[in-house]
Amino acid sequence: NSVFGGDPCPDTFKYLEVRKKCVADPPDGYVPRPSRPATSPASFHTDSPPTVTATSGPTAITSPFAETTVSPESGCPSTQRRNIQWPATASDKRSSQPCPNGTVGTAHWYCEGPSKWRGQPDLSDCTSPWVNELYDLLKMGGPAGDILALVSGNLIGQDKVYGGDVIKSIDLLNVLVQRQEEQLSNMTQGEKKGVVTNFTQTMTLCGSTLLRSDIGSAWDDIPEKNRSQVATGVIGSAEGSGFLVAKSIPDEIFSSVRENIVMEVLPATGDSRRFPNDLSSGWTNVTDSVSLPATKQQVVALLYSSSLGTYLKPKAADRTVNSR
């Protein structure tokens, strides 16, 4: 702002030490006494320990360097989880820490106490720089297929993926479906086939990668109550790309078989068919199939691995079932 100027170190947490004391209105002539050589006009003497906060943008969070004394009987002990050192925290309080090195955002974890952290830390705000870079590339109007290939490459190549990466990647996939549809409208029929085929093959690869077991810890970073909504984005992006295939090459069969997703786009033949059909070795444990009724409409059929069902698990609630 006009007082402090620009940010010389973007994406770097800045620490402000504040020494405070609650007192009545000071008497006339009161002058705060510095406890040490002042480094800023806001450094005053107090007998209370310093409160240290870190800020990045408008969010204020407890610094990992703050010293807190909490007995095991009254709160949660200090612990290391998801590459974050969580300090001892009082019962019924939320600890907020900077996201792991190499990511931006704020992580949270609630202490139920005594000695009990609630579930897993919430890292749904923790995102890697590459995610935001791809959003910037999208704003510049790059080809949807090229950006989607970069999403796939980063998801596969990253050593660490966090909850915010999963959430923003899935959002990006759905935006790219819309962008690809817009770009297809300006292509010839011959151009559409190659573009939409490559796009949808890459989309199923992205969705399958997001459902891999080794990325499961990133899904754990997302609060359980929000996982179902995030997981539906995997379905939406896969279906959306399948619809693009059906619209662009209506008279051809399209198939994509990945580790965690199988897609078939079938032309309108008026015949009944079965799905899935002729699966590769990775799906040999799938012996069931469904009969698709005869229709004069195109069919987009998708099969997902059981990991998606885990994330789509409904929230616990009392339910009444009516039967007649």
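Predicted model: local features only at pLDDT ≥ 70, side-chain atom pairs only at ≥ 80, totals over all residues.

Student: How many disulfides does the structure hold?

Tutor: There are two disulfides in the structure. One is formed by C76 and C111, with the sulfur atoms 2.1 Å apart. C76 sits in strand β4 (residues 75-76) and C111 in strand β9 (residues 106-111), so this pair ties together parts that are 35 residues apart in sequence.

Student: And which hand does the disulfide of C76 and C111 have, right or left?

Tutor: The torsion about its S-S bond is about 95°, so the disulfide of C76 and C111 is right-handed.

Student: OK, what does C99 pair with?

Tutor: C99 is joined to C126 by a disulfide, with an S to S distance of 2.0 Å. This pair links distant parts of the chain, 27 residues apart, with C99 in the loop between β8 (93-98) and β9 and C126 in the loop between β9 and α1. The link of C99 and C126 is left-handed, with -80° about the S-S bond, and both C99 and C126 are buried.

Student: What's the pairing if you number the bonded cysteines in sequence order?

Tutor: Numbered that way along the chain, the bonded cysteines pair 1-3, 2-4.

Student: Is C206 buried or exposed?

Tutor: C206 is buried, because its relative accessible area is 0%, and buried means under 20%.

Student: Switching to helices: which residues of α1 are buried?

Tutor: In α1, which spans residues 129-139, the buried residues include W130, V131, L134 and L138. They cover an arc of only 105° around the axis, which puts them on the same side of α1. On the other side of the helix, E133 and K139 are exposed.

Student: What do the buried residues of α1 pack against?

Tutor: They pack against two helices, α2 (144-157) and α3 (163-184).

Student: And what follows α1?

Tutor: α1 is followed by G141, which has a positive phi, near 85°.

Student: One last thing, where is T209 found, and what is it in contact with?

Tutor: T209 is found in helix α4, which covers residues 189-210. With a relative accessible area of 4%, T209 is buried. If its neighbours within four places in sequence are left aside, T209 is in contact with L155, I156 and I215.

Methods. Residues numbered from 1 in each chain as written. Heavy atoms only, no water. Buried < 20%, exposed > 50% of the residue type's maximum accessible area, 1.4 Å probe, protein only. Helix = DSSP H or I, 4+ residues; strand = E, 2+ residues; numbered from the N terminus. Arc of directions from axis to C-beta. Contact = heavy atoms within 4.5 Å. Disulfide = S-S within 2.5 Å.
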